[in-house]
Amino acid sequence: MYDYDLLVVGSANADLVVGVERRPGAGETVLGGDLAVHPGGKGANQAVAAARLGARTALLARVGDDGHGRLLRDSLRSAGVDTAAVLTGGAPTGVALITVDPSGDNSIVVSPGANARLTEGDVRAELLGAARVVSAQLEIPLETVAAVVRALPEGTRFVLNPSPPRPLPGDVLAACDPLVVNEHEARVLLGDGETGDDPAGWARRLLALGPRSVVVTLGAKGALVCDTSGVRAVPSVAVAAADTTGAGDAFTAALAWRLGAGEELPVAAAYAARVGAAAVTRRGAQESYPTAAEVAALGA
């Protein structure tokens, strides 16, 4: 019997968000709206998104002993996330500086802070063994993600969103089921400038690198899923986007949860696409995440 449907190992940040008419170019200053501070970070986002959907969720992360850290703990607890493994100290809480334009597109710069101090020594085998699925991202040290892979118990599924993207060691790639990437992440992992404009081709090439399965997210166009049986398209739901911040985290969390519940990859990805679509209709990251009832009502 598992204690958790999903254990997320990853980052917890304070998102400092400013709305702009357009994002600045190099050397350019633009005026924006009022600063808003929201709980964020890919790890905390995934944990909150899964818990809102009804998953029994825990987070292994590190925050600072500061106001931003308290903001994150409060947000996690209010969503129903188990925070016993949210560690404190080592550096200030991580911060993401985010600009959002009127179309809802965003640009993000992350100062890792305490996230960079989440180390291999913080990874406990008994915590990993308490979850059906373990999900990770790359806003924490890659060495820590590799330690998670080495400590995974038999039968525990591992889901990785390699964001921000960087080359991955073979043992990490081999554990991914699935590897979840967007267009930018796919291009970086494939490691050349000639990837072309065929997402199905990206998915096949990524699968050849060693993961057990691959999901390529395509925003409003849905996603592609790829495993040894081939590539399949998964549609999304048409919505009016207000803010795309954190939508990919909501997608990955929903996907990981439904895979742990026994759904096949295309079915889980179709559900995750609906969750991601619901998330972009509201501003912010964690506060935009839907409940299961809201997902069911979307497009109904």
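Modeller: A definition to begin with: accessible areas come from the Shrake-Rupley method with a 1.4 Å probe, and for residues only the protein chains shown count as cover. On that basis the chain exposes about 12300 Å², with carbon and sulfur atoms supplying 53% of it. The model is predicted, so local features need pLDDT of at least 70 and side-chain atom pairs count only at pLDDT 80 or more, while totals for chains, interfaces and linings use all residues. Residues are numbered from 1 along each chain as its sequence is written, and side-chain values use heavy atoms, with hydrogens and water left out.

Biologist: How many helices and strands are there in the chain?

Modeller: The chain has 10 helices and 13 strands, where helices (H or I, at least four residues) and strands (E, at least two) are DSSP runs numbered from the N terminus. Its radius of gyration is 18 Å, close to the 19 Å that the globule rule gives for 300 residues, so the chain is as compact as a globular protein of that length. That radius is taken over C-alpha atoms, and the rule is 2.2 Å times the number of residues to the power 0.38.

Biologist: What does the C-alpha trace span along its principal axes?

Modeller: About 50 × 40 × 40 Å.

Biologist: And what percentage of the residues is buried?

Modeller: Buried residues are 54% of the 300. Buried means under 20% relative accessible area, exposed over 50%, and partly exposed in between (1.4 Å probe, protein chains only).

Biologist: Which contacts join residues at least 24 apart?

Modeller: Counting contacts between residues at least 6 apart in sequence, 64% are of that kind. A contact means heavy atoms within 4.5 Å.

Biologist: Now helix α1. Where is it, and how far does it reach?

Modeller: Helix α1 covers residues 42–53, and its 12 residues reach 17 Å from first C-alpha to last, close to the 16 Å expected at 1.5 Å a residue. The expected span is 1.5 Å times one less than the number of residues.

Biologist: Is α1 enclosed or open, and why?

Modeller: It is largely enclosed by the rest of the structure, because 11 of its 12 residues are buried. Among them are Lys-42, Asn-45, Gln-46 and Leu-53. After α1 comes Gly-54, with a positive phi near 115 degrees.

Biologist: Why does Lys-42 count as buried?

Modeller: Because its relative accessibility is 17%. Leaving out residues up to four places away in sequence, Lys-42 touches Ser-11, Gln-137, Glu-139, Asn-161, Ser-163 and Asp-249. Its C-alpha is also 9.5 Å from that of Ala-285, which is 243 residues away in sequence.

Biologist: Switching to α4. What do its buried residues pack against?

Modeller: They pack against β1 (4–9), α3 (125–128), β8 (131–137), β9 (157–161) and α5 (170–175). Helix α4 runs over residues 142–151 and is mostly covered, with 7 of its 10 residues buried. Those include Leu-142, Thr-144 and Val-149.

Biologist: You mentioned Ser-163. What kind of peptide bond joins Ser-163 and Pro-164?

Modeller: A cis one, with omega about 0 degrees. Pro-164 is in the loop between β9 and α5. The bond from Asp-177 to Pro-178 is cis too, with omega near 10 degrees, and Pro-178 lies in strand β10 (residues 176–181). Most peptide bonds are trans.
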